[in-house]
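This briefing covers a sheet, a helix packed on it, a peptide bond and some aromatic rings. Please keep the structure in view while reading.

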Amino acid sequence: MKNLFLIIGAPGSGKTTDAGCIAQMNQSVAHYSTGDLLRAEVAKGSELGKKIDKIISGGNLVPLEIVINTITSAIHACEKDFIIIDGYPRSVEQMTELDKVLANEYDINLSAVIEVNVSEEVAKERVLGRARGADDNEEVFYNRMKVFVEPIEEIRKFYNEKGIFHSINGERTIEEIVTDINAIIVKKIVQG
């Protein structure tokens, strides 16, 4: 049985960094960033990669079928039983589609959905401060923020009703944030 943990948050919330730290701390945990999985396809230079690149560059969501296939392929290929995926879901449509897929995947259990919560001001400061690429500019940031904010209440409510939603204050030190997220994951690992 594979145990899946989703880490969500605004652009610049630190979710990818936090998830990476947790995977380094726990040998039994694998980490995949939705963005990294999609960027890996872009790096291949395939037709699909070119299509994804155009969508990502504008700060928009990659089509549902592509994202779901990318994520489920990564989970099935993973040799570890505890898997963190950050940056998913980013829409109500992505959330409901994953729920449908997981209903038919008896070997995958969605254990927790953890939101790294930061204000828009902090998110903007972090994204524009890191400026990793062409998509780290103010216009794209506001588009990405809008994409994040529109569905977030419904996503929180959906997973809260399932009893698996957790919100972590993402405006503290990385150590404090990682400690809180790790405690949620380790609890599930210990429970088996």
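Contact here means heavy atoms within 4.5 Å. In this predicted model, helix α2 (residues 34-43) lies across β2 and β3. The helix runs at about 60° to β2.

**Sheet**
- The open sheet is made of five strands, ordered β2-β3-β1-β4-β5, and their pairing is parallel.
- β2 (29-33) and β5 (165-169) are the edge strands, each pairing on one side only.
- On average, neighbouring strands of this sheet are turned by 25° against each other, direction ignored.
- Strand β1 (residues 2-9) and strand β4 (residues 108-117) run parallel and are joined by eight bridges.
- Ile7 stands opposite Ile114 in β4.

**Cis peptide bond**
- Tyr88 and Pro89 are joined by a cis peptide bond, with omega at about 5°.
- Pro89 sits in the loop between β3 (82-86) and α5 (92-103).

**Aromatic pairs**
- There are two aromatic pairs in the structure.
- Phe141 and Tyr142 make an edge-to-face pair, 5.4 Å centre to centre with 65° between the planes.
- Phe141 is buried at a relative accessible area of 0%, whereas Tyr142 is partly exposed at 36%.
- Phe158 and Tyr159 also form an edge-to-face pair, with 5.1 Å centre to centre and 80° between the planes.
- Phe158 counts as partly exposed at 22% relative accessibility, while Tyr159 counts as buried at 1%.
- Tyr159 is classed as buried because its 1% relative accessibility falls under the 20% limit.

Terms used:
Residues numbered from 1 in each chain as written. Predicted model: local features only at pLDDT ≥ 70, side-chain atom pairs only at ≥ 80, totals over all residues. Heavy atoms only, no water. Helix = DSSP H or I, 4+ residues; strand = E, 2+ residues; numbered from the N terminus. Pairing = 2+ DSSP bridges. Axes fitted to C-alpha atoms, helices over the stretch in contact; angles between N-to-C directions. Phe/Tyr/Trp six-rings, centres within 6.5 Å; stacked < 30°, edge-to-face > 60°. Buried < 20%, exposed > 50% of the residue type's maximum accessible area, 1.4 Å probe, protein only.
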